[in-house]
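Visitor: I'm new to this structure and would like to learn how to read it. Could you take me through some features, one at a time?

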Amino acid sequence: MSDALPDLHRAPGVLFDLDGVLTPTAEVHMRAWQKVFDEVFARWGIDQAYTDADYFAYVDGKKRYDGVASLLHSRNVEIPWGEVTDSPDAETVCGVGNRKNDAFISVLRSEGIAPYPGSLALLESLREAGVPMGVVSSSKNAGEVLDTAGIRDFFAAVVDGLVAERDHLASKPAPDMFLEGARMLGVDPAEAVAVEDAVSGVASAAAAGYGSVIAVDRGAGPEALREAGATGIVDDLARLLTDADKR
């Protein structure tokens, strides 16, 4: 499963999404969203059940509250936005988002997380080759995930949900976060490589003008990823290792 794949070891910089690309935290996010939306839909009498397809279409890759609003809009449900300090029990976009975050953090801290083996191997290989690397993640929990997975030291730049909120960066699929990642890493997006698994993230990197946008297909599907702007698709980052790395 691949198209034209660049040699990342020759890139001036590589910007990675985190959840679903470097670590299997996307699976934890999916379980947390499922739990919260099942409860919300039951409470509000929403008949159309929440599914994995909804996750990929409306939530995956976006900032937390934008994902809530997008999903509820798909069900013709409008509720107040609220404030980031809202209680997890509040019937606001922020309240629902905060409830999901509590569920995610609980699992992360009780079960921990480790990077995908292929992703870790690629990070080690790129570091040995001297390639600057950064993370562009919509998650406000990116720092804790990087620390828990033991991979924070690989990255010279991290643009996460906290940075996006502080600097008023629009959520993926807007180009803002990937543009900021390139700026922080000191690279020209047209010469850099972005690695994503979410349709919204691929679209964000493509809109930011990245010369190569590699998609890791963890369930979004190759057609949707290509349509969003992926220039190459793999099923594991180990596919991007050189022959020397594989020996």
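Visitor: Is Asp7 buried or exposed, or something in between?

Guide: Go by relative accessible area: under 20% is buried, over 50% is exposed, and partly exposed is in between, using a 1.4 Å probe and protein chains only. Asp7 has 35% relative accessibility, so it counts as partly exposed. This is a predicted model, where local features need pLDDT of at least 70 and side-chain atom pairs count only at pLDDT 80 or more, while totals for chains, interfaces and linings use all residues. Residues are numbered from 1 along each chain as its sequence is written, and side-chain values use heavy atoms, with hydrogens and water left out.

Visitor: Which residue forms a salt bridge with Asp7?

Guide: Side chains of opposite charge can pair when their charged atoms come close. To count as a salt bridge, a side-chain nitrogen of Lys or Arg must be within 4 Å of a carboxyl oxygen of Asp or Glu. For Asp7 the partner is Arg10, with the closest N and O atoms 3.4 Å apart. Arg10 is exposed, at a relative accessible area of 71%.

Visitor: How many salt bridges does the structure hold?

Guide: There are 13. Among them is the one between Asp147 and Arg152, at 2.8 Å from N to O. Asp147 is partly exposed at 48%, and Arg152 is partly exposed too, at 34%.

Visitor: What about Glu196 and Lys172: how do their side chains meet?

Guide: They form a salt bridge, 2.6 Å from N to O. Glu196 sits in strand β4 (residues 193-196) and Lys172 in the loop between α7 (161-166) and α8 (176-185), so this pair ties together parts 24 residues apart in sequence. Helices (H or I, at least four residues) and strands (E, at least two) are DSSP runs, numbered from the N terminus. Glu196 is buried, with a relative accessible area of 0%, and Lys172 is buried as well, at 1%. Salt bridges with shared partners join Asp17, Lys172 and Glu196 into one network.

Visitor: Now the whole protein: how many helices and strands are there?

Guide: Eleven helices and six strands. The radius of gyration is 18 Å, close to the 18 Å that the globule rule gives for 247 residues, so the protein is as compact as a globular protein of that length. That radius is taken over C-alpha atoms, and the rule is 2.2 Å times the number of residues to the power 0.38. Buried residues make up 54% of the 247.
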